[in-house]
Amino acid sequence: VAPDISNMIPARLTGKPFWELYLFDNPSLSDAYMGAVRKFGFDAWYLYGKLRGTRQDMGTATDSAYDIGGFSVHPDLVQRTLVDDRPAKYVEEVVIETPLGKLDSQTIYFPDNSPWPSVGLIKDPVVDWPRLRWLMGDEWSFPTSLPDYDVVGDLGVYAISLDLPVDWWIRQRDQGDEMALYDFADRPDLMDEIMEFYFQYSLARIKACIAARPDEVVFQGSRSSLSLISPTIYRRYNLPWIKALTKLTKEAGLVAHQHTCGRSWKLVEMNYAETDLDVMEPLEPPPGGDVDLALAKQRFGDKFCLKGNVNTFVTMLGPTEEVEAAARKCIDDAAAGGGYILSTGDQCGRDTPDANIYKLVEVAERYGRYQ
């Protein structure tokens, strides 16, 4: 049992303004998460593992460096300005200098919510992509070990995350989702170039993961949901990437796990038929998603470990009795023969009652044991 509480609930439980974790590392989000794991007694899904690449000619990555989806910009190139607008917010402005011109971004940090990237690095892809391309370089260095691996121990699994290609581009793009969709429609040749670059970087990073040996690699694909993009975009940009990287993980005996929320049934079908993925989650049910867990178990359970399906914005915010009923149904639908992890259909919201998380654990312990 491993409900997704990767951000908001651990931050809330500290009793501190959220910016203390996200901006000042006081405590770190990873420490807050492990505190929540111990409080509730569920199995950890530790998504904070660090394996950042840097340009091979610019030295080793540091925790203080600006991160671009697993790539650390050398701190000498970065200028940060922090605007204190308490009690409402902090605003962090970042300027990165390149020989081709500057890149800049802005993030807003709130007292009671997750950070919001209000300005992305890429405003005009034709102008800004060459700058980002120069910044990341052509050859990369990665750490050879996982310095925080022992913080999880046998409480759960330690993961290194990689963005799916569509997600990686949306993260860089100013006005994210909306403008990225225009890019895919209006600039297919440029997007092919950008996605090929990211593919080569990802190949280097997955090989570093294989060498470092986390418990699993997680392909983060929230923005690759069919609630946002089309199956055509997914098949063109994400599927070849997943096929290539999971071929390597399978050969190396490393677990590959994909997170894509929202409407994902057709993506589960594609990944089942054409990739070597091991785990699919969070299998979000209606109304936010379109996954029938019992049918997924029947169709895909011989290959995939299935994880999730308890609704986060209806069930997990509702009466505890409904959480119990939903959790029991998930176990009935998918636990037979193994290969199911009781979890939520995406991240639990900040105001999810503690009692509902305890209830998931209770149901798993009382009703989910194999005889």
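Helices here are DSSP runs of H or I with at least four residues, strands are E runs of at least two, and both are numbered from the N terminus. With that in hand, arginine 213 sits in the loop between helix 7 (188-212) and strand 11 (216-220).

A quick word on the source: this is a predicted model, with local features needing pLDDT of at least 70 and side-chain atom pairs counting only at pLDDT 80 or more, while totals for chains, interfaces and linings use all residues. Residues are numbered from 1 along each chain as its sequence is written, and side-chain values use heavy atoms, leaving out hydrogens and water.

Arginine 213 has a positive phi despite not being a glycine, and so does aspartate 25, which lies in the loop between helix 2 (18-22) and helix 3 (29-40). For accessibility, buried means under 20% relative accessible area, exposed over 50%, and partly exposed in between (1.4 Å probe, protein chains only).

| Residue | Phi | Relative accessibility | Class |
|---|---|---|---|
| Aspartate 25 | about 60 degrees | 53% | exposed |
| Arginine 213 | about 60 degrees | 37% | partly exposed |

A cis peptide bond links glutamate 281 to proline 282, with omega about 5 degrees. The bond from proline 286 to proline 287 is also cis, its omega being near 10 degrees.

Strand 6 (residues 89-98) and strand 7 (residues 101-109) pair over nine bridges, and isoleucine 96 has leucine 103 in strand 7 as its bridge partner. Contact means heavy atoms within 4.5 Å. Axes are lines fitted to C-alpha atoms, for helices over the stretch in contact, with angles from 0 to 180 degrees between N-to-C directions.

**A helix pair**

Helix 5 (residues 165-172) and helix 6 (residues 176-186) have axes that come within 8 Å and cross at roughly 120 degrees. On the helix 5 side, Val166, Trp169 and Ile170 meet Gly176, Asp177, Ala180, Asp183 and Phe184 in helix 6.

Terms used. Pairing = 2+ DSSP bridges.
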